[in-house]
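Hi everyone, thanks for making time for this. I'd like to walk you through a structure, so please have a look at the screen.

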Amino acid sequence: MRPSIFLNQTRKFLATAFGYDTEKQHRLTTAQATTALNAHNQGALTNASQCLNDNVKARHYRKDGKQFYVTDEGRTGLDK
C-alpha cells in the first residue's frame with residue numbers, strides 16, 4: 001500500500017486537472033498541471049508523472065498522446 005502522502009498528491013493532481021476541465025480546457029499536460037499547482041501556491045508534487053499514472057490506473061484520466069483528460073470516473077472520484 002502506498003503512503004497517504006502519495007495518495008493525497010494523486011488527489012491534488014486530479015483536482016487540478018478537474019479545474020482545467022471545468023474551465024473548458026479539456027486536455028492538458030503534466031507540465032501544465034504542475035505549473036497550475038505552483039501558480040496557486042499548492043506546492044510541488046514529489047513525482048507528477050507517477051500521480052498521472054496512478055490516476056490513469058484508477059480510470060480517472062485517459063491519456064491522449066502527450067496530453068490527458070479527466071474521465072467521468074475522475075469527475076466522480078473527487079466526491080469520494
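One term before we start: when I call a residue buried, I mean under 20% relative accessible area, while exposed means over 50% and partly exposed is what falls in between. Please also keep in mind that this is a predicted model.

Which residues of α2 are buried? They are Thr 30, Ala 33, Ala 36 and Leu 37. Around the axis these residues span an arc of only 125 degrees, so they sit on the same side of α2. The other side of α2 has exposed residues, namely Ala 31, Thr 35 and Ala 39. If you remember your helix geometry, an α-helix has 3.6 residues a turn, so residues three or four places apart point the same way.

Now let's step back to the whole chain. The protein contains 4 helices and 2 strands. Starting at the N terminus, the order of the elements is α-α-α-β-β-α. There are 80 residues, and 32% of them are buried. The accessible surface amounts to about 5,200 Å², and carbon and sulfur atoms account for 51% of that. As for how the chain comes together, take the contacts between residues at least 6 apart in sequence: 56% of these join residues at least 24 apart.

How far can we trust the prediction? The mean pLDDT of the protein is 82, and 82% of the residues reach at least 70.

On to the inside. The largest nonpolar core has 13 residues, and the members touching the most others are Phe 13, Ala 17, Leu 28, Leu 45, Leu 52, Tyr 61 and Phe 68. At least two core residues come from each of α1 (4-22), α2 (30-39), α3 (48-57) and β2 (67-70).

Some of those names come back when we look at aromatic rings. The model has 3 aromatic pairs. In one of them, the ring centres of Tyr 61 and Phe 68 are 4.5 Å apart and the planes meet at 35 degrees, so this pair counts as tilted. Both Tyr 61 and Phe 68 are buried. Ring pairs also bring in Phe 13, making a cluster of Phe 13, Tyr 61 and Phe 68.

Most residues other than glycine have a negative phi, and most peptide bonds are trans. With that in mind, look at Asn 41, in the loop between α2 and α3. Just after α2, Asn 41 takes a positive phi of about 55 degrees, although it is not a glycine. Is Asn 41 buried or exposed? Its relative accessible area is 70%, so Asn 41 is exposed.

Gly 43 belongs to this loop between α2 and α3 as well. Its relative accessibility is 32%, so Gly 43 counts as partly exposed. Beyond its neighbours within four places in sequence, Gly 43 has contacts with Leu 37 and Asn 38. You'll remember Leu 37 as one of the buried residues of α2.

Moving along, Arg 59 sits in the loop between α3 and β1. Arg 59 also has a positive phi, near 65 degrees, and it is a residue other than glycine. With 59% relative accessibility, Arg 59 is exposed.

Then there is Gly 65, in the loop between β1 and β2. Gly 65 counts as exposed, at 70% relative accessibility. Between Gly 65 and Thr 29 there are 36 residues in sequence, and their C-alpha atoms are 9.6 Å apart in space.

My last stop is Thr 71, in the loop between β2 and α4 (72-77). Why does Thr 71 count as buried? Because its relative accessible area is 6%, and the cut-off for buried is under 20%. Which residues does Thr 71 contact, leaving aside its neighbours within four places in sequence? They are Arg 59, His 60, Tyr 61 and Arg 62.

Methods:
Residues are numbered from 1 along each chain as its sequence is written. This is a predicted model: local features need pLDDT of at least 70, side-chain atom pairs count only at pLDDT 80 or more; totals for chains, interfaces and linings use all residues. Side-chain values use heavy atoms; hydrogens and water are left out. A nonpolar core is a set of buried Ala, Val, Leu, Ile, Met, Phe, Trp, Tyr and Cys residues joined through side-chain atoms within 4.5 Å. Buried means under 20% relative accessible area, exposed over 50%, partly exposed in between (1.4 Å probe, protein chains only). pLDDT is the predictor's confidence in each residue, from 0 to 100. Rings of Phe, Tyr and Trp (its six-membered ring) pair if their centres lie within 6.5 Å; planes under 30 degrees apart count as stacked, over 60 as edge-to-face and the rest as tilted. Contact means heavy atoms within 4.5 Å. Accessible areas come from the Shrake-Rupley method with a 1.4 Å probe; for residues, only the protein chains shown count as cover. The arc is that of the directions from the helix axis to the C-beta atoms.
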